[in-house]
Amino acid sequence: MFKYILPLLLILFAGCSAKKADIDFDPSFNIAALSTFAVVYTKAEDSGALNDERIVEAITNEMQAKGYVSTPEHEADFHIIFQSIIREDVPSNVGLGFGLGTFSSGLGLSLGTARGFSNDKGTLFINMLDPATQKIFWYAKLTKNIESFETPQERAEYFNETVSAMLKEFPQK
């Protein structure tokens, strides 16, 4: 019986592993010629404005660590555009059942819960755009479960880690 449980547990834990960013790029574009960037976005006036500022700061810090220089939009070699989308999902319920039996006797165990787990997902898109041609030459997308945060510092660290994972494969200057 245990020989069936181990593969099931491995499949379960594999499904919980960290997700990797979906990255695509135009191989014909000369990224080596770029040195300055500007993060271009529309400032929100709702509660998401603070998160947008955290994302801008995380992108700027990550690109500067790679050797690129932040400049005003009209002077930049390329623009970085981002978009965040939150998809709210209906909470799911968890249940577990187990049973054994023969013709004359039986044993059963059941466990159920009405507590739902949130399946809300957040997706962040980061696009690198050539301002001369208005074409995207590099793209990253990452979807994660929405987390709750105790402090603004935890939220900022979350965005720093997310953006770092997304820009990990963008070339150094």
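**Reading a pocket, its rings and its strands**

Q: Which element supplies the largest share of the lining of the second largest pocket?

A: In this predicted model, the largest share comes from α3, which contributes four residues to that lining. The helix α3 spans residues 152-167. Other elements that each supply at least two lining residues include α2 (49-65), β4 (78-87), β7 (121-130) and β8 (135-145).

Q: How much space lies in the second largest pocket, and what lines it?

A: The space amounts to about 380 Å³. The lining consists of 20 residues, and the closest to the pocket centre are Asn51, Ser84, Ile86, Ile146 and Phe159. Sorted by class, the lining holds nine nonpolar, seven polar and four charged residues.

Q: Why is Phe159 called buried?

A: The relative accessible area of Phe159 is 11%. Buried means under 20%, so Phe159 is buried.

Q: What makes Tyr158 a buried residue?

A: The relative accessible area of Tyr158 is 14%. This value is also set against the limit of under 20%, and therefore Tyr158 counts as buried.

Q: How do you know that Tyr158 and Phe159 form an aromatic pair, and why is the pair called edge-to-face?

A: The ring centres of Tyr158 and Phe159 are 5.5 Å apart, and rings pair if their centres lie within 6.5 Å. The planes of the two rings make an angle of 70°. An angle over 60 degrees counts as edge-to-face, so the pair receives that name. The count by this rule comes to 10 aromatic pairs.

Q: Which residues form one aromatic cluster?

A: The cluster consists of Phe29, Phe37, Tyr68, Phe78, Phe137, Trp138 and Phe170.

Q: How do you know that β4 pairs with β2 and with β7?

A: Two strands pair if at least two bridges are found between them. Between β2 (residues 36-40) and β4 there are four bridges, in the parallel sense, and Val40 stands opposite Ile81 in β4. Between β4 and β7 there are nine bridges, in the antiparallel sense, and the bridge partner of His79 is Leu129 in β7. Both counts meet the requirement of at least two, so β4 pairs with each of these strands.

Q: Why is Gln134 called exposed, and where is its place?

A: The relative accessibility of Gln134 is 54%. Exposed means over 50%, so Gln134 counts as exposed. Its place is in the loop between β7 and β8. The phi angle of Gln134 is near 60°, a positive value in a residue other than glycine.

Methods: Residues numbered from 1 in each chain as written. Predicted model: local features only at pLDDT ≥ 70, side-chain atom pairs only at ≥ 80, totals over all residues. Heavy atoms only, no water. 1 Å grid on protein atoms, 1.4 Å probe; cavity = no way out; pocket = protein on both sides within 12 Å on 5 of 7 lines; lining within 4 Å. Points joined across faces, edges and corners; volume = space filled by probe spheres on them. Nonpolar A, V, L, I, M, F, W, Y, C, P; charged D, E, K, R; others polar. Phe/Tyr/Trp six-rings, centres within 6.5 Å; stacked < 30°, edge-to-face > 60°. Buried < 20%, exposed > 50% of the residue type's maximum accessible area, 1.4 Å probe, protein only.
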